[in-house]
Amino acid sequence: MPMATSIIIVLGLALIIESCFIVQAEARAFFVFGDSLVDTGNNNYLATTARADAYPYGIDFPTHRATGRFSNGLNIPDIISERIGSEPVLPYLSPDLTGQKLLNGANFASAGIGILNDTGIQFLNIIRMYRQFQYFQEYQRRVRALIGASQTKRLVKGSLVLITVGGNDFVNNYYLVPSSNRSRQFALPDYVRFLISEFKKLLTELYKLGARRVVVTGTGPLGCVPAELAMRGANGGCSTELQRAASLFNPQLVQMLRGLNKKFRKNVFIGANTQQMHMDFVNNPQAYGFTTSKVACCGQGPYNGLGLCTPASNLCPNRDLYAFWDAFHPSEKANRLIVEGIFSGSTNYMVPMNLSTIMTLDAAT
């Protein structure tokens, strides 16, 4: 075969391969940042105690095996991926995240982290927020090598981003027993304002990294999870102090998101009132098909709220009847209710509008 012909064939194959990547890049990528509520397995690749890598975690996952998700089955990012019609995005540290799979997006979340770098220090080797953003930059460099700079910029700009962080800054920092440095440094209202100011810096950095559609969840009902009922709840009631923390944090988060959207002159940040979504089925579990919103499906001690789920834990036979899977994390069924609220909730739950409305507007432009 003449050399010129060989060169033409090689160039042709290269163009075909590149065009395949570009066509794939037309699908909406999905990126996830945050903590254990949205971690899909990054911590499995780290030397940390914050892991969900053993049975019965994953008991209702399609493979019926633990994957690093702090859930009996799917978690919030998995269910969002279902709703937008994409493959579940892989943990960034997964060796399988290469080639075409990179173009689906990536999950950078790490169980135990918070807004602040000193949150979760007891878990040692976890991916703090600044490091998650560094990985996002590294991700973009890897994708540029596949599809070029302009296509990578387009992929990131057109992506959907989820960030879930903040709860650990209370549970695994401010209220950590014995009292933390932060609780000695700040009164609670001042600490909340400090957290919001630090979160604003993170979201501004995410915007600088190219994100243009970002769902930001508030904290859940911190004082009503089984762990807090077991440790701080009075007569089976939610912890007043932790509920106060959530009630201070979440409205200020919404106010901050509105300010950022005004600054950027577009609805970049979409606030999800996950505290209220949780409280709906905490206050009236039967209305949502749960028998209890106090007792965790898997655990030990009062309310099955002491420690994480282990092979030696109490385990309920029907996970769909429980709002909480373990001491801190919702069951898959509860996660599905939360995602339904994100997509279809009224302005009581979603600010400035729900995700279905946002995606319809995006499709029209």
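Predicted model: local features only at pLDDT ≥ 70, side-chain atom pairs only at ≥ 80, totals over all residues.
**Sheet, cores and aromatic pairs**

Six strands form an open sheet of mixed pairing, in the order 2-1-3-4-5-8. Its edges are strand 2 (105–107) and strand 8 (350–351), each of which pairs on one side only.

Helix 9 lies across strand 4, strand 5 and strand 8, and its direction makes an angle of about 165° with strand 5.

The largest nonpolar core comprises 71 residues, and F33, Y139, F170, F199 and F269 have the most contacts inside it. At least two residues of this core are supplied by each of strand 1 (30–34), helix 3 (129–147), helix 4, strand 3 (160–164), helix 5 (167–174), helix 7 (188–208), strand 4 (214–217) and helix 9 (240–264). Helix 7 provides the largest share, with 10 residues. The surroundings of F269 illustrate how several elements meet. When neighbours within four places in sequence are set aside, F269 is in contact with L203, Y207, V214, V216, L257, L260, N261, F264, V351 and P352. In soluble globular proteins, nonpolar side chains tend to be buried together.

Q151, T152, L155 and V156 are buried. Viewed down the axis of helix 4, the buried residues fall within an arc of 135° and therefore line one face of the helix. On the other side of helix 4, residues A149, S150, K153 and K157 are exposed.

Because F33 belongs to strand 1 and F108 to the loop between strand 2 and helix 3, the pair ties together parts that are 75 residues apart in sequence. Both F33 and F108 are buried.

The pair formed by Y57 and W325 has another geometry: the ring centres lie 5.9 Å apart and the planes are at 75°, so this pair is edge-to-face. Distant parts of the chain are linked by the pair, with Y57 in the loop between strand 1 and helix 2 (76–84) and W325 in the loop between strand 7 (314–315) and helix 11 (332–344), 268 residues apart. Y57 and W325 are both buried.

Beyond individual pairs, ring pairs link F31, F33, Y92, F108, F133, Y135, F136 and Y139 into a cluster. Two members of this cluster, F33 and Y139, are also listed among the residues with the most contacts inside the largest nonpolar core.

Key. Residues numbered from 1 in each chain as written. Heavy atoms only, no water. Buried < 20%, exposed > 50% of the residue type's maximum accessible area, 1.4 Å probe, protein only. Helix = DSSP H or I, 4+ residues; strand = E, 2+ residues; numbered from the N terminus. Arc of directions from axis to C-beta. Core = buried A, V, L, I, M, F, W, Y, C linked by side-chain atoms within 4.5 Å. Contact = heavy atoms within 4.5 Å. Pairing = 2+ DSSP bridges. Axes fitted to C-alpha atoms, helices over the stretch in contact; angles between N-to-C directions. Phe/Tyr/Trp six-rings, centres within 6.5 Å; stacked < 30°, edge-to-face > 60°.
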